[in-house]
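Me: Could you walk me through the ligand site and then the helix packing? Keep it short.

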Amino acid sequence: MPDNESQTDSPQTDSANTGPATSEPLAFQAEVSRLLDIVANALYSNRDIFLRELISNGADACDRLRYLALTQPELLSGAAELAVELRPNAAAKQLEIVDSGVGMTRDELIENLGTIAHSGSAKFLSQLGDKKTEVDLIGQFGVGFYSAFMVADKVEVFSRRAGEQHGWRWESDGRSGFTVEETTEAPARGTRILLHLKEDAGDYAEPLRLRHIVKTYSDHISVPVKLSPGEGEDGSEPETLNSAGALWARPKSEVTEEQYQQFYHDVAHAFDQPWQTLHFKAEGMIEYSGLLFIPGTRPLDLFDPSRRGGVKLYVKRVFITDDCTEVVPTWLRFLRGVVDSEDLPLNVSRELLQNNPVLAKIRQGLTKRVLSDLEKKAEKEPEAYVTFWENFGPVLKEGLYEDSGHDDTLLKLARFKSTAPDLGDAGWTTLADYLTRMPEEQEAIYILAGDDLEQLVRSPQLEGFRAKGIEVLLLTDPIDEFWTVRVGTYRDKPFRSVTRAGGELDKVGEAESAEDADEKEDGGLETLLAMLRVSLQGKVKDVRASKRLTDSPVCLVADEGDIDLHLARLLKQHQRLDDTPTRILELNPKHPLVAALSETAKTAAAGAGENIEEVGLLLLDQARILEGEPPLDPAAFSRRLAGLVAKGLN
Ligand code: ADP
Ligand code: MG
């Protein structure tokens with residue numbers, strides 16, 4: 001009995017022709033067991049989709065064989081046309097899904113039907129809770145083949161790889177692992193999946209039901225999906241259920257909304273509705289057609305480096321690859337769908353796809369098309385556009401860093417959170433609108449970057465800007481630190497971080513009142529600053545009176561020319577930066593604590609120096625905590641704080 005819990009990363013992998021003649025029990029990868037558990041017990045929302053998944057796999061197998069046959073035509077000889085056939089047997093409560101595609105070797109059966117291929121999905125599954133919404137999310141990865149266990153309590157897979165002699169039988173009850181053995185019952189080429197339907201799933205062996213499901217979910221499949229006559233209905237030929245033919249190659253007017261949606265659900269492995277559908281044909285120097293979707297929700301693997309490309313590449317209706325990163329730039333990786341080129345050679349190899357000039361032109365064309373579509377949507381339906389931006393803005397902004405060719409458009413498409421009150425569109429603003437709100441004398445677009453919006457809103461760095469009514473954009477995506485530097489300016493206004501030192505605030509807003517200026521003359525402050533400079537030497541670059549603070553006593557700022565605080569932290573997390581430059585500590589002269597300290601410094605009473613040094617260290621740690629950094633020495637910090645509070649209570 002195989003152990004369900006044990007991880008079987010590399011099941012025995014004898015070469016295909018030397019497998020044992022007897023049935024061999026193997027264990028599922030741990031994540032598969034978890035998935036099967038969910039599939040069989042929790043994922044009941046729509047059982048019909050098992051058929052979509054299995055038909056989709058059969059069609060994929062046909063696609064892959066057609067591709068291989070471009071260079072090895074003999075692979076197609078012998079067996080039937082490329083198609084997927086459903087063979088129901090209501091009396092026996094069985095359903096077979098048969099394809100004449102590429103088939104699987106023994107090793108492929110073990111690998112494909114015993115593990116979860118994408119590391120991202122496996123990781124996601126291992127973290128998955130039991131909440132209904134989370135469970136439904138796994139549809140995003142395509143429960144794929146394993147969805148068969150929603151309707152079957154036993155599944156047998158008979159398969160023969162095109163061009164191979166041996167056929168193999170895989171069998172499982174979806175619980176205790178699976179077995180693989182050699183068989184003579186495999187199709188001449190391709191795969192036959194035999195489902196032993198569950199007690200309550202017998203209707204999946206009824207032709208009427210199957211016809212309906214294929215129409216609903218698989219009409220767009222490009223190979224014929226056939227239904228063979230059920231037991232007892234002898235004589236008649238299998239009936240083709242779907243429209244077949246490549247959906248993207250049809251004129252728009254002949255494609256229904258339902259077909260688009262089906263197609264999207266299939267290519268994107270998604271349950272949601274597409275946010276946008278782009279169906280087009282480009283003619284001229286380079287000819288290609290495309291059917292692309294922008295998903296309505298964020299795919300889970302959007303930031304997973306091991307994710308596969310979401311856009312399939314076809315050449316003259318022949319599937320070439322679904323793992324080509326050259327079709328769309330990485331910063332449009334949320335796109336799902338198909339691109340079909342008329343100009344690439346059919347026998348295009350993977351190597352040929354790299355740096356291919358035709359593909360580069362297609363990518364360019366697609367990029368333009370998608371961006372101009374987004375522009376239109378942003379203009380006409382700003383509210384709907386916000387949904388898109390919240391899902392994919394962080395990815396789109398990568399284009400501002402990686403690609404310099406689309407700055408104007410991308411800056412127009414970008415949306416920002418800001419300190420301005422009462423922004424419409426769910427609190428997002430455009431850069432153009434920011435410019436219209438800013439005072440004439442303001443020279444820069446002020447930004448503050450951090451990990452989290454709530455934290456940014458409370459940042460002491462903003463106090464002075466807020467007091468003067470100067471709007472600051474709040475940036476929370478890691479990429480923000482990078483593109484703002486690369487792009488530099490928007491309509492000649494530089495992006496400038498408010499965490500930088502310098503007399504920025506003097507230049508804008510109302511001039512300081514004479515009263516404020518007087519306050520600064522107060523001798524105690526200068527003495528205090530001088531004392532702190534000495535006692536905090538090495539720990540900070542300088543200690544200064546702050547103009548940016550109105551409520552908080554202290555904050556840290558980066559010196560002009562030094563790397564920004566948040567960026568330094570980001571780089572350090574990724575081991576890209578060894579030494580963070582020391583910062584400038586700013587004190588708020590108006591804060592009672594600082595005022596009291598200044599007073600102490602002025603009188604320079606006995607023991608005052610020591611006291612100020614202690615408080616200085618506390619203030620520095622406080623400023624660090626406000627920045628999201630730990631105190632320099634947490635134990636000492638705690639001791640000092642406790643000491644001070646005790647003194648205060650006495
Ligand atoms: P996906 O289709 O997203 O890769 P599935 O779980 O549906 O995930 O299938 C896993 C893998 O099993 C496929 O990638 C394919 O390699 C293989 N496979 C499944 N069904 C078939 C089939 N009918 N013919 C050939 N290979 C298949
Ligand atoms: Mg599949």
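**Ligand contacts and helix packing**

Me: How far is an oxygen atom of ligand 1 from an N or O atom in the side chain of N57?
Reply: This is a predicted model, with local features needing pLDDT of at least 70 and side-chain atom pairs pLDDT 80 or more, while totals for chains, interfaces and linings use all residues, and side-chain values use heavy atoms, without hydrogens or water. Residues count from 1 along each chain as written, with chains lettered from A and ligands numbered from 1 in written order. A polar contact is a pair of N or O atoms within 3.5 Å. The N57 side chain puts such an atom from an oxygen of ligand 1 at 2.7 Å.

Me: Which residue has a backbone N or O atom 2.9 Å from an oxygen atom of ligand 1?
Reply: T191 uses its side chain, with an N or O atom 3.4 Å from a nitrogen of ligand 1. The backbone atom sitting 2.9 Å from a ligand oxygen belongs to F145.

Me: How much of ligand 1 does the protein bury?
Reply: Areas here are Shrake-Rupley with a 1.4 Å probe. On its own, ligand 1 exposes 530 Å². Of that, the protein buries 85%.

Me: Which helix gives the most to the shell around ligand 1?
Reply: Shell residues have a heavy atom within 4 Å of the ligand, and they include R64, D99, H269 and R308. Helices are DSSP H or I runs of at least four residues, numbered from the N terminus. Residues 49-69 supply 3 shell members, the most from any helix, and that is helix 2.

Me: At what angle do helix 2 and helix 6 pack?
Reply: Their axes (lines fitted to C-alpha atoms over the stretch in contact, angles from 0 to 180 degrees between N-to-C directions) are 10 Å apart. Helix 2 is therefore roughly perpendicular to helix 6, a label for 65 to 115 degrees. The angle between helix 2 and helix 6 is about 70°.

Terms used:
Polar contact = N/O pair within 3.5 Å; in protein donor to acceptor, adjacent residues only side chain to side chain. Helix = DSSP H or I, 4+ residues; strand = E, 2+ residues; numbered from the N terminus. Parallel < 35°, antiparallel > 145°, perpendicular 65-115°, else oblique.
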